[in-house]
Amino acid sequence: MDDAAQMRTALALARRGLGNTWPNPSVGCVIVRDGRVVGRGWTQPGGRPHAETEALRRAGEAARGATAYVTLEPCSHFGRTPPCCNALIAAGVARVVVAMRDPDPRVDGRGFARLREAGIAVEEGLLEAEARALNAGFARRIREGLPLVTLKLATTLDGRIATATGESRWITGPAARREAHAMRARHDAILVGSGTVLADDPDLTCRLAGAALTPALRVIADARLRTPPGARLVRTARDHPTLLATVPGHPPAALAPYQDAGVEVAKVARGDEGLQLRPLLSALAQRGVTRVLAEGGAGIAAALLREGLVDRLAWFHAPAVMGGDGMPAAYPLPVEVLATMPKFRRVAARPLGDDWLTEFEPARE
């Protein structure tokens with residue numbers, strides 16, 4: 001039996017749930033008996049049923065004496081669903097192979113101990129690096145009280161996101177835009193600033209058929225309440241959850257048009273450049289958000305970079321040059337010496353039609 005191959009399948013199943021399972025992690029499970037896969041499962045929308053429960057349901061009696069491959073330590077506590085450890089024990093599995101330990105202090109080794117107490121062979125750490133990358137948002141929310149933040153930029157080769165007159169549709173081609181929608185489907189929340197709302201009037205939904213079963217929370221960072229009440233994000237708030245984050249002090253009458261339209265209003269501390277993004281991200285994590293896709297504009301990009309809040313950078317480059325009069329991807333940070341620049345390392349790059357998507361992570365010293 002190729003343990004690594006089965007775990008890769010479990011990881012692929014887990015990726016199906018990204019963007020749909022928060023506040024729970026997205027987990028995959030494969031059950032194998034006598035060299036044959038008898039059950040597969042992944043965390044369902046809303047975080048339940050869990051992956052193990054789904055796989056066991058499909059396996060039925062064939063789970064007895066089988067090996068279960070799970071991407072995250074099976075839970076050992078009662079929440080909205082019974083512990084997955086209990087389900088695995090009751091099903092009679094003989095062996096459980098797990099990629100990584102659950103960082104949730106309610107689990108964190110207790111799941112392994114419970115399985116071993118029941119006489120089940122437990123092995124942990126198989127393809128752990130891949131599992132940690134998959135669960136990075138969940139782990140960061142648990143350990144740091146913040147979601148994983150991906151900053152997405154779509155620019156010309158010289159880093160421009162729009163012309164001097166504000167025209168930006170479309171800098172990148174159809175293949176790149178489809179990938180951007182797929183990225184939305186894999187995130188729990190999408191963050192933009194009021195400048196993007198004014199310039200583009202976006203709807204921030206995933207328009208790929210069947211890709212997003214749980215609508216992403218749409219978040220507008222708007223200290224000055226510049227978002228027009230007639231904006232798409234406001235008009236569609238009853239169909240797609242929308243949160244407007246602003247600073248305290250606005251009179252109730254100024255907030256009423258948004259609230260009447262179904263927009264949730266959250267008050268966040270004021271900073272030197274508008275509202276503070278770290279408290280906003282912390283508030284999102286408290287409500288269960290694990291992965292945030294920041295789509296701009298230049299003010300949001302600069303604020304996230306300045307505060308060291310970018311965990312992933314997804315840069316779409318179009319093969320064109322706009323020149324210095326175009327709008328930059330980020331406002332001044334500022335950077336006076338090279339040593340203070342936010343630095344990243346490339347982790348992936350691929351063509352999308354005529355464009356390129358390059359993905360980065362922060363460079364570690």
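Colleague: In what order do the strands of the open sheet of nine strands run?

Modeller: This is a predicted model, where local features need pLDDT of at least 70, side-chain atom pairs count only at pLDDT 80 or more, and totals for chains, interfaces and linings use all residues. Residues are numbered from 1 along each chain as its sequence is written, and side-chain values use heavy atoms, with hydrogens and water left out. Strands (E, at least two residues) and helices (H or I, at least four) are DSSP runs, numbered from the N terminus. Pairing, which takes at least two DSSP bridges between two strands, is mixed here, and the order is E11-E10-E9-E8-E14-E6-E15-E18-E17.

Colleague: Which are the edge strands there?

Modeller: Look for strands that pair on one side only. Those are E11 (264–267) and E17 (344–352).

Colleague: And by how many degrees are neighbouring strands of this sheet turned against each other on average, direction ignored?

Modeller: Axes are lines fitted to C-alpha atoms, for helices over the stretch in contact, and angles run from 0 to 180 degrees between N-to-C directions. With direction ignored, the average for neighbouring strands of this sheet is 20°.

Colleague: Which residue in E18 stands opposite His-317?

Modeller: E15 and E18 (355–362) are antiparallel, joined by five bridges. Across from His-317 you'll find Trp-356.

Colleague: What angle does helix H7 make with E15?

Modeller: H7 (174–185) packs on the sheet through contacts (heavy atoms within 4.5 Å) with E6, E8, E14, E15, E17 and E18. Its direction makes with that of E15 an angle of about 160°.

Colleague: On to the open sheet of five strands: why is one side of E2 and of E5 left without a neighbour?

Modeller: The strand order is E2-E1-E3-E4-E5, with mixed pairing. E2 (36–42) and E5 stand at the edges, so one side of each has no neighbour in the sheet: each has a single partner strand.

Colleague: Which residue of E5 does Val-96 stand opposite?

Modeller: E4 (95–100) has six of its six residues buried. It runs parallel to E3 over five bridges, with Val-96 as the partner of Ala-68. On the E5 (121–124) side there are four parallel bridges, and Val-96 stands opposite Val-122.

Colleague: What hand does the β-α-β unit of E4, H4 and E5 have?

Modeller: Point the strands away from you: a clockwise path from the first strand over the helix to the second makes a crossover right-handed. With H4 (110–117) between E4 and E5, this unit is right-handed.

Colleague: Which residues have the most contacts inside the largest nonpolar core?

Modeller: A nonpolar core is a set of buried Ala, Val, Leu, Ile, Met, Phe, Trp, Tyr and Cys residues joined through side-chain atoms within 4.5 Å. The largest has 40 residues, and the ones with the most contacts inside it are Met-7, Ile-31 and Val-96.

Note on methods:
Buried < 20%, exposed > 50% of the residue type's maximum accessible area, 1.4 Å probe, protein only.
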